[in-house]
Amino acid sequence: MTIRVREAPDRRVEPPAPDVVGRGPWELAWRRLRADKVAMGSLVVIVLMVLVAVFAPVFAHVTGHPPNMQYHREGLTPDGLPRPPNSTFVLGTDDLGRDILVRIAYGARISLGVGVLATMLTVVVGVVLGLLAGFLRGVVDLVIARLIDVVLSIPFLLVAIALVSVSGPGLTITILVIGMFSWASMARIVRGQVLFLREREFVEAARSLGASDLRIMFVDVLPNVLAPVIVYTTLLIPVVIIVQATLSFLGLGLPAPAADWGGMISEAQNYYTVAWWFVLFPSLALLITTIAFNLLGDGVRDAVDPRIGRLVRPR
Amino acid sequence: MRTWGGRRAALVGVCGLVLMTAACGSSGGGGSSGSANENASRGGTLNMLGAGDVDYMDPNISYYSVGYLALRLWSRQLFTFPAVSGQTTTAVPDLATQVPTTGNGGISKDGMTYTITIRQGAMWNTTPARQVTAADVVRGVKRTCNPAQPFGGTPDFATLIQGYQTFCDGFAKVAQTPSAIAGYIDKTPLPGVVAQGDTTVVFHLNHPATYFVDMLTLPAFSPAPVEVLKYLPASQALGQHEVSDGPYQVTTWTPTKEIVFTRNAAWKASTDPIRKAYVDKVVVNETVSQDSIQQQLQTGTASADMGFDQAPPPSQLPGLIAKKDKNLNLGETASSNPYLVFNTVSPNNRGALGDVRVRQALEYALNRSDMDQVLGGQTVNPPLTHILPPDISGSTDFNLYPTDQAKAKQMLAAAGYPHGMTLKFLYRNASEGSSKVFQTVQQQLSNIGVKVVGVPSPDADFYTKYLQVPSAARSGVWDLSLAGWGADWYGDAALSFFAPLFSGPPSYPPLGSNYGFYDSPKTNQLIQQASTATDQSKSGALWNQADHQVMQDAAIFPITNPQQASYHASQVHNAIYIPAFQNFDPANVWLSPGTNGG
Amino acid sequence: MSDPLLVADHVTKTFTARRRASRGGSQVVRAVDDVSLAIEPGETLGLVGETGCGKSTLARCVARLYPLTGGTVRFDGHDISTLSGRRLRPFRREMQVIFQDPYGSLNPRRRVGSIIGDGLAIHHVADGSARREQVQHLMEVVGLNPEHYNRFPADFSGGQRQRIGIARALALRPKLIICDEPVSALDVSIQAQVINLLLDLQSDFRLTYLFITHDLSVVRHVSSRIAVMYLGRIVETGTVDELFANSRHPYTRALLSAVPPADPDAADSREPVVLPGDLPSSVNPPSGCPFHPRCPRRQADCELAMPPLDPVYDDGPDHLTACLHPLRAGEDLSGATSDGAA
Ligand SMILES: Nc1ncnc2c1ncn2[C@@H]1O[C@H](COP(=O)(O)OP(=O)(O)OP(=O)(O)O)[C@@H](O)[C@H]1O
Ligand SMILES: [Mg+2]
């Protein structure tokens with residue numbers, strides 16, 4: 001082999017690429033996602049659900065039925081049974097003569113709101129602790145890893161029920177309890193990724209530039225764990241929505257008369273033989289939303305990084 | 001009457017459980033009792049399905065309706081309620097030869113002495129069979145306050161029967177052994193209950209009590225043969241060796257699993273006007289779930305005839321009512337459940353609820369029919385507009401506060417609250433019924449500018465942390481809440497509503513159940529007069545006045561007198577619902593020939 | 001001669017490697033063992049040696065990416081061996097590293113502009129559009145299209161990526177750049193371009209290089225002096241010409257024999273010497289001279305004493321050799337003397 005050196009300085013510019021702005025990994029992922037029909041369908045459903053939640057008051061306005069208004073004449077039989085879907089109450093009424101359509105719309109606010117807020121809490125706590133443990137190692141890692149093990153070994157629903165019954169039901173406590181238990185899986189995933197990333201040369205490069213640990217963690221390492229975090233997050237939202245609905249179903253949801261899906265399904269239990277619409281529509285809303293999030297999550301996983309296909313599913 | 005509270009809480013707890021589901025009772029088909037009894041077929045096995053056991057297999061101690069249901073088969077009382085449609089809350093003679101009156105000399109002129117004669121030929125199934133005697137009645141009454149397991153309802157008559165309190169105070173100090181208990185019963189006289197000769201028993205009361213005959217329907221006053229003294233009262237051993245004077249006897253009892261009753265050879269139909277005893281055998285299976293019981297009763301297998309301790313599941317009640325199932329019965333409970341309590345000592349809103357005008361305004365603002373509707377409709381929850389349910393003597397139908405929200409608003413303004421107020425509503429959020437009533441009240445009161453905020457409570461805390469804790473009421477933890485009440489006996493039973501609920505300080509929690517701390521000298525006086533009246537019509541009128549007075553003072557907002565749902569299989573005939581044990585009378589049903597096996 | 005820019009003094013770095021097989025037992029790897037060297041301002045010191053001999057570890061030690069096990073590192077007269085965090089940061093500006101792997105050393109999730117400008121941001125040199133301008137200028141300097149500022153590393157070829165790495169190292173105008181095998185991962189056709197770029201930059205920006213490679217033909221063209229490393233130790237140092245003409249250490253001689261001559265037509269075509277055996281493990285280094293198990297000239301005393309790094313024969317103070325039986329000028333590894341001088 002021969003190396004020809006001392007040639008004329010090579011400052012040749014590479015042939016210009018068609019785009020000036022590079023297609024980053026996120027954009028590529030987005031392109032892959034856009035090609036995924038199932039995921040895009042799910043995304044449309046989710047966006048619609050979000051619109052329903054945001055514009056819940058419009059439903060109340062158009063129907064003229066506030067979410068908590070009881071219609072004892074038009075909305076209930078003399079024996080107090082719900083009325084089936086009709087021109088006044090498109091999806092029928094519940095056991096207090098309230099409009100199920102309007103309540104589902106308002107319920108979407110709670111389901112999605114709790115889903116998003118509790119998931120955000122989970123993500124923030126899980127990512128920060130996972131980053132710290134994986135990056136700093138040592139005692140910090142030891143403590144956080146133990147904590148993760150402990151939290152993962154706790155039977156979540158039982159403890160959640162116990163905590164909520166002690167503190168009394170409410171939105172904040174529901175979010176806190178869910179966040180308190182879901183962060184561990186997230187932290188474990190992030191920690192694993194960071195353990196591997198911290199040995200990469202670009203981390204060393206940043207350090208040689210004089211970057212602090214904090215900067216390296218959040219500027220250099222964090223963007224590289226976002227892919228699994230995003231996938232896990234999309235899959236976590238439906239789990240959180242179900243947990244919130246379960247707590248509500250068990251009477252640990254929002255105090256009456258707030259409308260939320262789990263609570264509506266719980267109220268409908270006693271009427272399933274006589275009022276199918278009462279149990280069906282809130283259940284459908286819950287089912288469609290969670291399925292949409294799950295399918296989107298699968299799509300995002302495939303789009304973002306096929307390698308993390310074996311990622312544990314949120315429990 | 002100091003321990004009303006504890007006992008009532010238990011009773012309300014039971015009804016409350018029903019309330020937390022769909023409603024306390026249901027509506028629909030009406031009785032199926034129409035079958036002509038001339039065609040009645042004898043024989044067969046009556047299979048009763050349940051999910052639980054009797055409280056005690058001991059007539060003098062049992063206090064729950066499911067215990068009373070089993071006792072109907074093998075234990076007789078001096079007086080009881082007959083399985084005759086329309087008369088199921090009218091006491092008639094059972095062991096007694098007649099209902100005592102002043103006219104027939106059974107009640108003394110002063111109304112304080114009751115002389116009752118026991119039928120000749122009513123026999124215990126001892127070997128040889130033996131006549132039921134007056135001494136047996138005395139022994140039975142004495143057993144009610146035994147130290148091992150006293151009867152829970154003794155406060156109903158502790159100060160009524162002469163010397164009973166003293167007798168019981170002494171009994172409480174006796175060792176909890178069969179011999180010590182037998183010794184005390186044999187040697188210690190009870191001046192208020194005396195045997196005169198073999199079959200005449202005389203009760204001496206401290207004051208007249210027109211309700212006394214109705215009270216004697218309580219199984220606690222059943223006679224007790226000398227044999228039972230060999231065992232501890234209410235013990236399992238006793239339950240497995242009971243001596244019977246009814247048409248059936250307890251053949252085997254496996255607690256929480258099964259009870260088998262077979263015919264009692266010593267019983268003679270001629271001495272028992274109450275029990276027709278058509279079936280040969282009664283088997284109670286206590287290991288079936290509520291849903292499964294209903295399913296079996298509806299499919300009509302020969303091994304499932306009627307329920308034992310379980311009503312139809314609330315989830316299925318609306319369906320059964322909707323299709324007007326003829327095997328469903330909705331029966332009287334003579335209770336007020338739920339009712340809305342006003343916390344008259346709440347400091348909130350400058351003590352607004354202490355002002356009768358505010359409470360009256362709320363009575364006008366609330367719409368009872370809407371509440372009854374959401375509780376399951378007026379078939380299951382007929383409106384109750386006053387204190388006493390219709391089957392209690394002294395009850396008349398009146399409504400002081402027909403819904404009128406405009407008037408309510410005016411009254412509120414006149415009382416100094418033109419801009420309304422905020423009230424805290426304590427309710428059990430796990431109870432569907434409570435939650436529905438809360439939400440309905442919230443909507444109704446918002447119309448007159450009163451904001452209602454919920455104070456949700458777990459079932460377990462509702463009484464123990466809130467209603468029975470005086471400081472919770474006095475510090476204004478709640479302004480409005482829901483409670484329920486049922487009578488211990490039927491007929492002349494107004495006392496068992498007014499004394500524990502509305503009699504001023506003696507009825508305050510934790511001992512009493514006057515959760516709103518209602519205290520009115522006028523009411524207290526009426527209660528005193530009514531409970532010591534000598535004449536039923538007089539006492540009835542006084543109770544009615546007391547009812548008006550309490551409603552005038554707007555102490556509570558009654559909502560409904562709920563109906564109890566019971567279901568039986570199609571092969572069961574002459575199923576008559578008896579309020580005292582909240583089920584069909586098993587001693588009077590008969591089975592279609594061919595489906596009476598199993 | 002001016003003061004050296006960088007002085008490494010008895011630098012030692014050991015790793016504790018835990019083996020899963022032997023439970024609890026940990027092995028100490030002496031990756032760098034008692035290394036002393038100095039780099040003068042403006043020069044290029046070439047560091048050569050086989051794979052695994054500790055070149056990268058030494059580079060990371062002097063760049064203070066690893067804590068030292070022993071010895072000191074002085075930069076521009078300051079002892080930086082025990083500094084950390086904030087106190088080290090001013091020196092980080094002055095001393096940059098170009099890494100071997102153009103894939104692993106660029107954060108795949110950051111845009112090129114942000115990678116190159118990272119140092120400017122960390123040291124608050126320039127912000128916003130000023131930073132962008134500087135970065136784009138740097139891109140031009142290293143031969144990248146400045147319009148590709150917003151692209152991701154994945155959009156670039158290996159050579160281009162190494163240019164990105166060079167631009168990043170250049171951004172803070174450091175005095176010293178440590179090039180850890182900057183071209184060994186590149187296509188042969190690209191290597192020369194990158195090396196020429198580095199040479200141009202050196203003269204344009206008055207840079208000092210520590211240039212690590214196992215490729216002697218490269219080192220000969222870029223370096224003014226060479227240090228040869230074997231099993232964590234420096235076995236010989238000297239100027240390029242001195243070493244290529246007159247290497248003393250048998251290991252150096254063996255390495256050089258593998259290099260194709262600069263002038264293919266020259267008659268001086270020595271047979272490449274093939275060393276027997278592999279590089280010994282630095283966990284259990286051989287006793288005495290670490291090279292002795294593979295040395296064709298080994299004698300009995302080689303197993304006993306560690307030879308010091310000193311001038312041998314009539315060498316000047318710049319040419320140091322750690323060998324008990326160094327080669328004489330013209331002496332062949334086989335023992336024969338081509339020039340007759342014995
Ligand atoms: N972090 C580490 N932990 C344990 N051992 C290490 C570590 N880094 C390097 N080593 C060991 O130290 C020795 C020197 O490694 P180093 O990477 O410095 O060699 P090198 O000369 O740069 O090799 P190459 O030419 O392959 O880059 C090797 O035996 C290596 O296995
Ligand atoms: Mg290396």
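**Close-up views of a predicted model**

**View 1. Phe55(A) sits in a loop between two helices.** Phe55(A) lies in the loop that links α2 and α3 of chain A. The model shown here is predicted. Is Phe55(A) buried, partly exposed or exposed? Its relative accessible area is 45%. Buried means under 20% and exposed means over 50%, so Phe55(A) counts as partly exposed.

**View 2. A nonpolar patch lies on the surface of chain A.** Phe55(A) belongs to this patch, together with Val44(A), Val47(A), Leu48(A), Val50(A), Leu51(A), Val54(A), Val58(A) and Val62(A). Together they have about 780 Å² of accessible area. Which elements give two or more residues to the patch? They are α2 (37–54) and α3 (56–63) of chain A. The most come from α2(A), which gives 6 residues.

**View 3. The largest nonpolar core has 162 residues.** Phe203(B), Phe212(B), Phe261(B), Leu445(B) and Phe498(B) have the most contacts inside this core. Helix α2 of chain B, residues 65–74, gives the most to the core, with 7 residues. Two domains of chain B, domain 1 (75–242) and domain 2 (335–558), each supply at least three residues. In soluble globular proteins, nonpolar side chains tend to be buried together.

**View 4. Phe498(B) and the residues it touches.** What does Phe498(B) touch, leaving out residues up to four places away in sequence? The residues are Ile387(B), Leu388(B), Ser503(B), Ile527(B), Trp543(B), Ala546(B), Asp547(B) and Val550(B).

**View 5. Another core lies apart from the largest one.**

Key. Residues numbered from 1 in each chain as written. Chains lettered and ligands numbered in written order. Predicted model: local features only at pLDDT ≥ 70, side-chain atom pairs only at ≥ 80, totals over all residues. Heavy atoms only, no water. Core = buried A, V, L, I, M, F, W, Y, C linked by side-chain atoms within 4.5 Å. Buried < 20%, exposed > 50% of the residue type's maximum accessible area, 1.4 Å probe, protein only. Helix = DSSP H or I, 4+ residues; strand = E, 2+ residues; numbered from the N terminus. Domains from an automatic or database assignment. Contact = heavy atoms within 4.5 Å. Patch = residues over 30% accessible without salt bridge, like charges linked within 9 Å, V, L, I, M, F, W, Y side chains within 5 Å. Areas by Shrake-Rupley, 256 points an atom, 1.4 Å probe, with all protein chains shown as cover. Salt bridge = Lys/Arg side-chain N within 4 Å of Asp/Glu carboxyl O.
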